[in-house]
Amino acid sequence: MNADKFVRKQITRRYQEKILRFCLRIKLYFAYIISKHYFFGICLISTLLLVVISHPAVAHQPKIVESNFLAQQVDNNSELLQQGKNYYQVGQYTEAARFWQDALKIYEAERATISQVQVLNYLALAYKELGKIPQAQTAIAQSINIIKSFKNLDTKSNLLLAQALNTQGNLQILQGKTEAALDTWQQAAVIYKNAGDQTGKLISQINLSQSLQALGQYRRAKTLLEELITELQNQPDSLLKAQGLRSLGIALQTVGDLKQSKSILEKSWEISQQFNSPSDVSAALFSIGNVARDLEAYDVAWTYYQEAVNLAPETQAKLEAQLNQLSLLVKLQNWETAQTLIPEIETNLNPLPASRPAIYARINFAESLMALAKNKSNPSKIAQLLATAIQQAQEIQDARAEANSLNQLGKLYQENGQLADAEKLTKQALTIAQDIKATDLVARAAGQLGAIAQKQKNLDSAIAAYEIAFNSYQALRSDLVAINKDVQFNFKESIEPIYRDYVSLLLQKDNQSNIKKALEVIEALQIAELDNFFRDACLDNTKPVVLEKIDLQAAVIHPIILRDRLEVILVVPNQPLQHYSTQLSKPQVEATLKQLYSSLSPGYPNNERLRLSQEVYNWLVTPAQATLQKGNIKTLVFIPDGLLRNLPMAVLYDGKKYLIENYSIALSPGLKLFPQGLQRQKLSVLAAGLTEARQGFNPLPGVTGEIEQVTTQINSQVLFNQKFNKDNLKTAIASHSFPIVHLATHGQFSSDPDETFLLTWSDRISIQDFDSLFQNRRQNNNQPIELLVMSACQTAVGDNRATLGLAGFALRSGAKSTVASLWSVSDESTSQLMKEFYHQLSNPKLNKAEALQQAQLKLMANPLYKHPYFWSSFVLVGNWL
């Protein structure tokens, strides 16, 4: 949409001039933000008939959404039916169910089967929202059975069946039956299509995309959503189309397509204006504001929220936007402005009758006030706010809302040191969550209960609670990126600390079962981090491996950075698990690691670098030396944690020698991700590289010599400069089974997928591109790549988790082993190291780790390159054999 068209947008005459100024001010800035940032998404909350809006602070109540086509086919004018719908729309689900139960009795007495089906569909919705899943299943099964008992299904019956199937699919996905939900929604979509109901088909397909996301099939979900865009845009403009576009825009946010999401949301905004619907315009602006917020374009988000407040005709909608404004101010620590917003929120919140939206508004208001508590917010006022939320939840018999409210009140008492009360409230929340099988609430409440028990020095209770939380999060693993939740929680802030605290407690009891469990938990955390990085649960085929069956002369060193100490778990073949610790706090450990990383620059004092290298050596290796010698260990496999991921372990120093002088070294993202090795075969390589300056990056003149050194020793195909682009690389990978792919080009590893890339002549290869580049090879059952080499890359400056990008490239390619540089070094030294590496690799008596070790030792022996800066940058990730 061009700027002229943009500024012609109108919402109401009252706001026309204001909106013109607003649009002109932020439109170009927002477009710039989109071009510079990667969208990480906010969760998609589904209703049983249509996916609705989700946002950072407040969850919308579900709506009963029906297409006009269905409304014309079914008599919905029953007073009881309509009264139930009115209660449902405002979140009073118990009252809605009561009216629909009464209506059902009347329809059963009258033997009005079509009306029975309709009201059973509605009842299933109400029961689901109340957490009464068995009753919801019974109602929807009864509805479907009635329809299937008909000898002939007319259009009306088919549409009701499709509606029931949509509801059934949502119940299935709530129970984790994602494959079943996928099949159910596909059936519904076919029925809607055959009946000519395009809106109903849209509803089913948006739900379908959600089930694909839950299965980790984000690319399929994105393809489906892109098809829906075309279908929706071909429909005549209507408010229903605007609402569908808005739901589609939110779904596109979830799969990470920010540009398309913003475009679709703006189209929804435009249509809503055409039909002069302030509520729909407000909702569209609100959604676009959430996009801006997630992009950290906070001033833009604030302005959109403010316009949403100005236009919203309903108090609840105003309140939601204001609550997001408040949480935004809290995030920015703008305490003074936040305090001025509180009275407005209270004015809108206090008169609201009991309903789930009102209860969640209180919970989210309390969350922001708790953050303000350190800045003169009143804890007793917050407690009263949450007590009202609990009372309202009990009044309307909303178990899920009650559990959420109790858990939040427990958190308030926990933060104020009232641990006994906090424990009591959190236990109540956990019990309710378990009763209604709300796994996400179970995980949060159990994690909070573990933290409370830990503060009470009750070790056994804390471990038991953390175990419940851990198991629940594992059950939700595929949803950790886009979890179906009512109150949003953040992976780094809320999930990771639970895993680490659980490990910390387990290792305080020194027995094999606890060490084994700690290892399981920390590896699960690392897989969850990679899921979070990829934004899907792409690592489903993870299996623990037994080191004895892989390499009897390899040991695994697994450091774990905890709040109060550094723990190390040592795995040696045919020996009990061991662990040892260094009593330094996380900030102390990280400060030393940052110094060591800086010391690898050639200008740093040599004696200080060696001192730091030896200090870290003493943490990680010294306590294991006797065990390593006894086991005749030759290879050390590190599964690094935190800042250790950015450090080459080869530089650790024992006072006389570097670690690489005594052991070959490999890195692994976790033994559960260990790729099985291939039979050593005749080596051939696909080599690609850039020598000239491209896209603002400096030339790499040494790449010519590097490629020549590699290809003179091994059969090869070369893509050089202009020939090195994505299409040519994809064709070469798919058409020949090269065991080795060697890429000599600029690249960067980052914890942000959008900032992780390899440079080609005309474009960049992203993590997502890498997956598609190797897809044909996997589909054609060709042998996976034995070795991927990326020789001119570097980790993103200041990014403590940058090597997630390195692991991402390694895993997306399917390569068994990856050699890459953590920073870009001298072209000449790289050329020499690579020449020696491939020479050593051709020796069948050496594995890959040993080949890299010999290459690094030879480079170290060269007086020009004896500094670790030159030889330690290269690391081997994955299978070291």
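Q: Which residue is the bridge partner of valine 556 in E4?
A: Valine 556 is bridged to valine 571 in E4. This model is predicted.

Q: What makes E3 and strand E4 count as paired?
A: Two strands pair if DSSP finds at least two bridges between them. E3 and E4, the latter spanning residues 566-571, have six bridges, in the antiparallel sense. They therefore count as paired. The two strands form a hairpin, with four residues between them.

Q: In which sense do E3 and strand E6 pair, parallel or antiparallel?
A: E3 and E6 (residues 635-638) pair in the parallel sense. They share four bridges, and the cut-off is at least two. Alanine 554 stands opposite threonine 635 in E6.

Q: How do you know that both faces of E3 are covered?
A: In a regular strand the side chains alternate between the two faces of the sheet. On one side of E3 are Ala554, Val556, His558 and Ile560. On the other are Ala555, Ile557, Pro559 and Ile561. Buried means under 20% relative accessible area, and the residues on both sides are all buried. For strand E3 (residues 554-561) the count is eight of eight residues.

Q: Why is threonine 592 called buried?
A: Its relative accessibility is 9%. The cut-off for buried is under 20%, so threonine 592 counts as buried. Threonine 592 lies in helix H26 (residues 586-599).

Q: What is threonine 592 in contact with, leaving aside its neighbours within four places in sequence?
A: Leu612, Glu615, Val616 and Trp619 are its contacts once those neighbours are left aside. Contact here means heavy atoms within 4.5 Å.

Q: Why are H21 and H22 called roughly antiparallel?
A: Their axes cross at roughly 155°. Angles over 145 degrees count as roughly antiparallel, so H21 and H22 get that name. The axes of H21 (residues 419-435) and H22 come within 9 Å. The crossing is left-handed. Residues of H21 that make the contact include Leu419, Ala422, Thr426, Leu430 and Ala433. From H22, Leu441, Val442, Ala445, Leu449 and Ile452 are among them.

Q: Why is H22 called largely enclosed by the rest of the structure?
A: Of its 17 residues, 13 are buried, so H22 is largely enclosed.

Q: How does the reach of H22 compare with the expected span?
A: H22 (residues 439-455) reaches 24 Å from its first C-alpha to its last. The expected value at 1.5 Å a residue is 24 Å. The reach is therefore close to what is expected. After H22 comes lysine 457, with a positive phi near 65°.

Q: What makes H6 and H7 roughly antiparallel?
A: Helix H6 (residues 113-129) and helix H7 (residues 133-148) pack at an angle of about 160°. The cut-off is over 145 degrees, so the two helices are roughly antiparallel. Their axes are 8 Å apart. H6 passes H7 in a left-handed crossing. In H6, residues including Val117, Leu120, Ala124 and Tyr127 meet H7. On the H7 side, Ile133, Ala136, Ala139, Ile140 and Ile147 are among the partners.

Q: Why is glutamine 333 called exposed?
A: Its relative accessibility is 55%. Exposed means over 50%, so glutamine 333 counts as exposed. Its place is in the loop between helix H16 and helix H17.

Q: Why is glutamine 695 called partly exposed?
A: Glutamine 695 has 36% relative accessibility. Buried is under 20% and exposed is over 50%, with partly exposed in between. Glutamine 695 therefore counts as partly exposed. It lies in the loop between strand E8 and helix H29.

Q: What makes H15 mostly covered?
A: Of its 14 residues, 11 are buried. Among them are Tyr298, Val300, Tyr304, Tyr305 and Leu311. H15 (residues 298-311) reaches 20 Å, close to the 20 Å expected.

Q: How many of the residues of the protein count as buried?
A: Of the 881 residues, 61% count as buried. The protein has 36 helices and 15 strands.

Terms used: Residues are numbered from 1 along each chain as its sequence is written. This is a predicted model: local features need pLDDT of at least 70, side-chain atom pairs count only at pLDDT 80 or more; totals for chains, interfaces and linings use all residues. Side-chain values use heavy atoms; hydrogens and water are left out. Buried means under 20% relative accessible area, exposed over 50%, partly exposed in between (1.4 Å probe, protein chains only). Axes are lines fitted to C-alpha atoms, for helices over the stretch in contact, and angles run from 0 to 180 degrees between N-to-C directions. Angles under 35 degrees count as roughly parallel, over 145 as roughly antiparallel, 65 to 115 as roughly perpendicular and the rest as oblique. A crossing is left-handed if the near helix is turned anticlockwise from the far one by less than a right angle, and right-handed if clockwise.
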